[in-house]
Each structure stands twice: as C-alpha cells, then as structure tokens.
Protein chains: 2
Amino acid sequence: MDYTKYPALSRIARGEVKAHTVLKNGRVLNVFTGEILRADIAIEDGLIVGVGDYAGEHEVDLGGQYVVPGFIDAHLHMESTLVTPPRLLENTIRCGTTTYIVDPHEATNVKGWDGIEFILNQTEDVPANVYVMLPSCVPATPFEMAGCVYTAEEMAKHADHPRILGLGEVMDYVSVVGAEPGMMAKLDLFKGRVSDGHAPGLSEKDLTAYALAGIATDHEGVTFEYARAERRLGMHIHVREGSAARNVETIVRGLVESGMDTSGFSFCTDDKHIEDIRREGHISHCIRKAIALGLEPVKAYQMATINSARCYGFKHLGAIAPGYQADLVVLRDLEQVDVSAVYCKGTDTAHWHAPALELPADSPLRGTIHAASVDASALCLPVSAGESDVIGLIPGQIVTEHRRAVLPQENGLFVARDGFNKLAVIERHHETGAVGVAAITGFGLRGGAIASSVSHDSHNLLVTGDNDADMLCAVEELRRVGGGYTIVADGKALTLPLPILGLISDRPFEEVDAKLHEMLAQARRMGVPEGIDPFLTLAFLALPVIPAVRLTPRGLFDVETFSFIG
Amino acid sequence: MDYTKYPALSRIARGEVKAHTVLKNGRVLNVFTGEILRADIAIEDGLIVGVGDYAGEHEVDLGGQYVVPGFIDAHLHMESTLVTPPRLLENTIRCGTTTYIVDPHEATNVKGWDGIEFILNQTEDVPANVYVMLPSCVPATPFEMAGCVYTAEEMAKHADHPRILGLGEVMDYVSVVGAEPGMMAKLDLFKGRVSDGHAPGLSEKDLTAYALAGIATDHEGVTFEYARAERRLGMHIHVREGSAARNVETIVRGLVESGMDTSGFSFCTDDKHIEDIRREGHISHCIRKAIALGLEPVKAYQMATINSARCYGFKHLGAIAPGYQADLVVLRDLEQVDVSAVYCKGTDTAHWHAPALELPADSPLRGTIHAASVDASALCLPVSAGESDVIGLIPGQIVTEHRRAVLPQENGLFVARDGFNKLAVIERHHETGAVGVAAITGFGLRGGAIASSVSHDSHNLLVTGDNDADMLCAVEELRRVGGGYTIVADGKALTLPLPILGLISDRPFEEVDAKLHEMLAQARRMGVPEGIDPFLTLAFLALPVIPAVRLTPRGLFDVETFSFIG
C-alpha cells in the first residue's frame, strides 16, 4: 500500500466515493475461505479496494460470470520459445496468466547480466508481472565453455532490483550438498528470500541436505512419491506441465488419492512452446487438467494463484481482496477454465499486442556468435579399426545411449555414412577455436547438414551432417546471420535467424512458426525420423548433465562417470 | 542457515557423521503433509538437520511418543501477569509454548522504549523465542494522559531490532480508516512486515478499509461469522483463549461445521493469568479444546505451529524439518496434549527456572509513580440536587453502564454511601496534578479504599472507596512502594507492591499469588461482590475506548459520543 494514496482509497472502500471501475455481478472466488460469492469488485489505481456492493464511474456487468485471481506461472524459461518475451506473453496472458517467475538461464549463459537485463527490459511495459530468479548454475558445470561465469559477486550487484526475487533453480545439487564455496555464497546472498530447486531423483539423505541448505522449491518431482518426500522436507512443489515434461496427471492423481493438503503445491510450465499454448492453454491447462483428474476446483485455482504468491512472498498477488493488485480472470465456466476476459492492474488486456522489438544494431545482444573460423581439418575425427564411442539417440527422449561401434572410415578418419552422422560443437563465445567432434547414430540425416546456436546450456554452435562441406557451410551461415537454425543441402541454406543472443528471433511468432514448419518438413525429407525433433534433439546433445554421453567443445563427455572420454 | 556451519551440518544430514543429539523412535508430526511418521530427529547446534534414520552422540529413546513442533502464542501481553516475563515463561514453556509474539503495550504506555527494552532484555536468555510487535496506540486516544507518546519516529529508531517483527495491534481503527497521518506513518514504517489488528465489531465496509490499510491479523473475532468476514478479506485470524475472553469454542465450532480451510487461523492467549495456565494449560489448552470440539488433531496442531509461523514470516519455526530450529514438544497423548518434554533449540527445558530479577535500584523502570501530592480537596465532587452521572458496574463484564442518579451529598459535595463509591483517577507520570473524580455503583466497598497503578491503558493511579481519608492513604501507600495494588481499611494498608513500571512484581509468582488471594478475601469482606474482581474491574475503569462511560484524569468520558461529560 502506498499510504499517500490510502486516504482516497479508503473513502472508496467505505463506499463514500465511486471507484474508477467496478466489475458488477461476478461470482468471485475467495481463495482464503474457498468460497465463491456473488459480489462486485471495486478497482482504483490498479488495486482492488473492495469486494461487495459497489458503484463505479465505469461499470462492467459480468452477468454472473466467475472471477478468479490472475494465474501465476511459478517457474518458466522465456527464451525457449524463440520469440521475444512480449510475444510469448501475448499468448499466455490470453490464457489468464498474469504473473511469471522467470529464470533467464539461457540468456545468462550467453551474455551474463546483459542477457538478464534484456529479459527485464522486455517485460517492463507489459500487462503482466514478470519477476526474475538469478540463474544459479552458469556455467552448468565447471568444464563448460559458456559465454559467462555468473558468480555470487556478479549477482550481488543486482540482487536488490525490485523484480529480482531470489536464486534460480539450483541444478548443481552436488555443489550444494558438498558445500562448494561458490554455491554457498550464492545461497547466502539470497538468505531469507527464495532459492528455487531442481533436484531430480536424489536419495532421501541427499534431498535432506539439499533442503537443509535452504532450497525452497522443486519442479522436478515427476512422481507423487518423490514430490511427497520433498514436501515432507518443507519444500514447495511446482507441478510442471510444459511441452515435453508433463507431471500434472501423476502428481494431482496422488494428491486426490491421498487427500494431502495442497497448499504447498503450485503449477508451472518450465518450458512450453507457443503452439502448445495456443492449442491447449497455459496455466489454465494445468487447472483444467487437475479438475478433470478429480481435484476440487477451488484447490486447483489456489494452486494456480495464492499458493504460488505465498511461496514467493507476494502480499499483493494471488487473491481477490482489498489491497491486492487487480489481476483478474473472468470465466464463462469454472471447470473448463473458459476465459472471457483478463485484467491486469485493473485494465482489460484484450487489446494489448506485443510491440515490435526495438533493439539497436550495435546492441551487445546482437552479433553474439564469436566462433573462430572453422575449416575441414577441424572436423576430422580419427578413429581406430576397432570399436569407437558413439552417441546413440533415442526417439522421443533427450537422454542418450553410450554406444560402441566400428565406424566407417577413410584413411583413419570417420566418414558419416551407413546410419552414422558426424556431430561437431564449436565454441562460439570467445573465439577459442575449441571444437569437439563425435559420431552419432539415430539422427538419420542424409545429403546435408543441420546447425543451431541453441544448445543447452552453453549455447555453442552445434552442427551435424553427412558431409563436411555442408556442415562448414551451415556454420558459416549461422556466423553470417548471428545465430539461429539452419539446414544446408548441397550448399543451399534454409535458415531461421535468431539474431538476439543466438537464441531469439526478432520476428512475430507466426512468421517463426511458419519457417520452423518448413524446416521440419525439409529435415524429414532429408531422413530425420519421427521421434527426433531436428533442432530440439540437437539442442541437448551438448548438455553434460543429462545421461549418458554428450559432446562439448572439449570433447566427448561421459555423464555417468562425469569425465571426458579418451 | 548460517552457511559457514552448513558443511558440517550437511555431513550429518547425509548420515556421514553422527549428530550431537538424536531423539529416537518418535511419532513425528509433519505439518506440511499432515502425516505422523515414525522417525528419529537429528539435532545439531540447535537445528533439526534430519528426520529419518539417524544416530547421535547422545540418543534419547522416545519409545513411540509423539513429537510436534513447539507451540506459538500468536499474540499476548506479558505485563498482565504481574510477574516478570521469565516467571511467566517458566509456566508456559512447560505447556509446550516455545514462541511468543508479544505486544508490550502496557510497558510502553508507562515508559516508552525503556519499557519495550525491559521486555526484550528479560526475554533474551530464556529457552524460548520472544518477538515484539511495537505498540501502535500509545496513548490509546489523543486525550489520554499516558507516560509516553509513542510515535512512528520513535519506532523507527528500533524497527530493525532482530526481535521486533512489526506493528502491534492497531486498536484505533478510526485513525486507520480515517487515514490519520500519524497512524499512516506507523503503518508505512512496517510496510512489507506484519501489522497486527484489533478490530471488534466493525461494519463490513469499515473492515474492508481496515484490511486495505494492510492490517494482517485480528484476534477480536468473537463469532465465527465475523472471523469469516475478516478471513474473506485475507486477514489471518488469531483464535483467542485467555482468562477472560474465550473464543475457541465459537470459532472452532464454525470451522468444523463449515469445513473451511484452517491455514489462515492460529491460536493466541492475549491475556492469560498464571493460575489459569497452571490449571488448564496455555496454547496446549487451545489445541486440546479444539480437538474436543471435533477439529482434526493435525489441523489443531497446525494452528498452534506452522500457521502462526507463516503469518509472521518465520522460515525457521513451526515445523519438524531440516533447517528448522529444534523446538519440539514430546507428547504422551496427541489428543490430550499430554506434554512429557519440551525442547527449545535442541535442549530439554525441564530444568530451567526463571532467574530472580536483577534490576538496579536506580533503573528508570523503578520509581515510576510521579503523581502530584493529593489532598482531600482534590477528591471533592460537587453535585447538584438533581440527577448526576454515575458509572454503573456490571458483574462479570468490563463494559459499564452510563447511569443517572440522585447522589448522597453534604454541602453540595458527593458522599460515598448508600451503595455508591467514589472513584478517582490521578495522573501519575508527569506530576500534572490532574485528578478526575466520579461516582460509581456496583463495587460495594465499605469501610475503606482500594487503589491500583494498573489501569489500562495509561496506568494512572486509580482509587475507589467510601471515605476520602482511606482513599488518600491508599494513594500515599502506592506512591511509597512505587506502584501496586493496595487495600486500606481504617488507615491500615494491605499491599502488593508492583515496583517495576507500577505493573510488575519482582517476587516469585507463588508469593504474588498468595498475596492476591489474601487481598481478594479482604475485599470480599469489605463488600466487593462476586462477579467483580476488585483489581481487574478497577483496571479497566479508566480506559476510554470501552463502552459506555469511563473516568480519566481529565474527567468523565462518554465512550459512545467520544467526548467528555459536562
């Protein structure tokens, strides 16, 4: 409450003066009592000042429709959508999500604070509340070649920013429970605030030590039993439903069957593509699905609103009550989450559209592909006559298999044929010239190359193909456009430029989506099988924290033994 | 978490090293999941580091007894017990209450910050967590003659004290909803922290404006309907069960019947005498009573622990989980709240006793009776031949009746006889010489006078009697001992000195209690009827916010019209 404004607001609350806007005749969800009550909502200066019987200068008759608080996405990455944050928001706000807890992990890996500031700037003037958790694991492992090493010292410079809440998902649990000093410094910096977790499959005792370190949330509970084990430790569970990872069914089913208190559970999307958002919704989809699974509707809405607000310490979000921000979703139907209007700070968002990106040509966020020039010799992979290491792709999964095979070769060098492709990762932040090369199987590409500057988490250049010429051409194409996706066949490139950080397009979603569909069709024609998304599969092949084997600019990495191979 | 200690604690949590203390074989209440699970509790350095299977240097076999988190009294006044805070705690800790949210309203009315600091100092080295809310309404009304005017400016000097949480119960709702600048400054000072409420019987619209001001709690909901109305506004409800005001039955019955979510409800005692605590318990009594009323035991314990912790933003209290302070109550029986041991910061409190008070003779907390010398002329009450105003006492209640009666008189001056007593209030902080005199009925005192320096909220000297000589003698007696309770008959005084602030004894509870019983018997012999507690009834006769009519040093006050009479 801004107490200079309170005298006027109090008079409105007491009914002495009309409110600026009153939503009349709603069926209003009270997340505190769990009741749905017929009432008007009086709004002034972006705030709810009263819920009851009110008159306004502007009145909107809701005709008995439901009104619920704006939804909160408790954890997401915005960069993964390939478009600017406002273009994502244009889609998600329509689904009723008005608050976002964002971890700009990808942008930070490329450009450190500049990347975070870009996300903050892009979400400054939008009809939504976007908060940032500072990425805790940049780089993801000590031997990564990311664009930045983001330390506690760097974080401290911006920790007081009003939209920075705490520490982003702490993936490096080994550093936590092992009390690595750099990690301790980060946790200490955000003591008393929220540090988000990311802790899949820890043992009971490791999970205990992880919670003891003060890590407050997790979204990696993929079974109810695991989520319950975390909840017993006092952790708050973000039930995730994104494009790939979908945990609502398992966890909500467990909640319904056990009757466990749901106040420690929220919803998040983590990573969700815009086409999926358009098809099925956003947090709205989580609510709808949870209700269909038998959760009481009120509890599902609490998970989407007040539970997340309490988790992150918001006293002004997540409820329809005096003093709360007027973020409201009007619904034709409660169980179907059929959205008819979304208000943010008391304003109907229906006519808001994401602005075109304005970013100077010399912005440090452009031209981030600083890869050394690569020639054919860099792509040579010497192999023996016996078996060699191969990365085996598995359709529909991002984990890989560590295989051994006799590889096709000429003059002692691997040649990509007979079902094998060549994969190269080229360091692209500091022109070190570091290049890792390996053989992969299961990608199926014939007659060309595919390359991308989106490669978690370091976002170096990844290229795969069946001939070195097209692979080199693809790398040159990405250097030329400043990053993106490209498919090269016979020296001709089909490209989606992602000139911002090498991760994000400056074009509208429809244009990006059309180009992606064209490229996907082309990849299928070149042999990439169903179950392998050419760009998403590629994007995880350099991430040395996902089993079983990955390729980094420093060479092939065995995730199981956590060491380089050979 | 102190991260310098984390490396060692993590090793214990992971089971690599033994904990200092392990409570073995408990049935441990998990307030997050609502489960009761067989487990050991590993304790190191006052913290719970793990709940599961642990070994310790020192092991205590609980033999299957229940273990629940230490209870939290969400709102209380310590001064009302007449003994020092540690002497109160000696009684309440044994009932399992390990955390106290204290409003030192009385001490502040007498001595401002010195009074608050006394409470803080007295509770520094006790096996309990005592937090302070800064009193918001000192003086209670602008025309009071208290010892201190406690402004936002004064508060700001100490607002960052680690045990000062927020703003104490805001009784002056008129100043809140009317946006009085001094009140706004106090609320603004604690923005983002907790401001406690005290809002009996407000209209729906006034309550809305009160909540809009950011006031977060209330303990004055004496009906379920009123508490529910507050809860709908997002306020947290402290269900009070003290010596006089007892709201558990009404509100818990409402919770049970409605099935309403209990997470926004806590327990508090507000004012509870030690003899009542010894007889029936403290917060333990609230839990027991709630369970007997049909509330699920787990929910009753949540109201006594985690709900209050969340309300006040404690991340280290209210649960048995890694990183929480090891405040634990061991119970023989869950429903009877049969306490067998209480741990605070991992240490068994069984052998702790309150130390004798050490307070220098020249402490500003002693010798606080600065009343001007009073003679018989000051006690004269001129009356007319017609009807005069009379304060009518009602047995068993603290509200009074505004009566009119023809008073017994001599020479135009009131004489206390025929069922009427004389009442005088003498300003005692600044030797102003202000004296208010009135007639009262229903007190029944014959053959002497009763006086007290405990008189809410200003704690001026109150004296009543049937003859001026004994009344003057009683006032002199209280000046002599530095405040207290006294009964004078024929010039002989029976006195309980309360030399600290004129409110608190420096003697053990048993001694104080014995003297009180002796004085009560004497008062009954002198005619004070059952239903009227001579000192407690007296104590509220000067509080000009309780209907219908009160006496202040400035004269008789009509609480209904909020103005002085005549």
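**A buried strand and its surroundings**

Mentor: Strand 7 of chain B (residues 97-102) is largely enclosed by the rest of the structure, because six of its six residues are buried; buried here means under 20% relative accessible area, with exposed set at over 50% and partly exposed in between (1.4 Å probe, protein chains only). Strands (E, at least two residues) and helices (H or I, at least four) are DSSP runs numbered from the N terminus. This is a predicted model, in which local features need pLDDT of at least 70 and side-chain atom pairs count only at pLDDT 80 or more, while totals for chains, interfaces and linings use all residues. Residues are numbered from 1 along each chain as its sequence is written, chains are lettered from A and ligands numbered from 1 in the order in which they are written, and side-chain values use heavy atoms, with hydrogens and water left out.

On one side, strand 7 of chain B pairs in the parallel sense with strand 6 of chain B (residues 71-76) over four bridges, where pairing requires that DSSP find at least two bridges between two strands. Within this pair, B:Phe71 has B:Thr97 as its bridge partner. Between the two strands the chain passes through helix 2 of chain B (residues 85-93), and this β-α-β crossover is right-handed, that is, with the strands pointing away from the viewer the path from the first strand over the helix to the second runs clockwise. Strand 7 of chain B is also joined by four bridges to strand 8 of chain B (residues 129-134), the two running parallel, and there B:Ile101 stands opposite B:Tyr131.

Chain B also has open sheets. In one, three strands are ordered 11-12-13 with parallel pairing; strand 11 (217-218) and strand 13 (265-268) of chain B are its edges, each with a single partner strand, so one side of each lacks a neighbour in the sheet. Strand 12 of chain B (residues 236-240) meets strand 13 of chain B over four bridges, with B:Val239 partnered by B:Phe267. Another open sheet of three strands has the order 27-28-29 in chain B, with antiparallel pairing, and its edge strands, strand 27 (549-552) and strand 29 (563-564) of chain B, each pair on one side only.

Among the helices, helix 13 of chain B (residues 297-304) has six of its eight residues buried, so the rest of the structure largely encloses it; B:Tyr301 and B:Met303 are among the buried residues. In helix 15 of chain B (residues 468-481) lies B:Glu477, which is buried at a relative accessible area of 12%.

Turning to the interface, 52 residues of chain A are in contact with 52 residues of chain B, contact meaning heavy atoms within 4.5 Å. The area buried between chain A and chain B, which is the accessible area (1.4 Å probe) that two parts lose on being put together, summed over both, is about 4200 Å², and carbon and sulfur atoms give 58% of that area. Four salt bridges cross the interface of chain A and chain B, each defined as a side-chain nitrogen of Lys or Arg within 4 Å of a carboxyl oxygen of Asp or Glu. One salt bridge links A:Glu35 to B:Arg232, whose closest N and O atoms are 2.7 Å apart.
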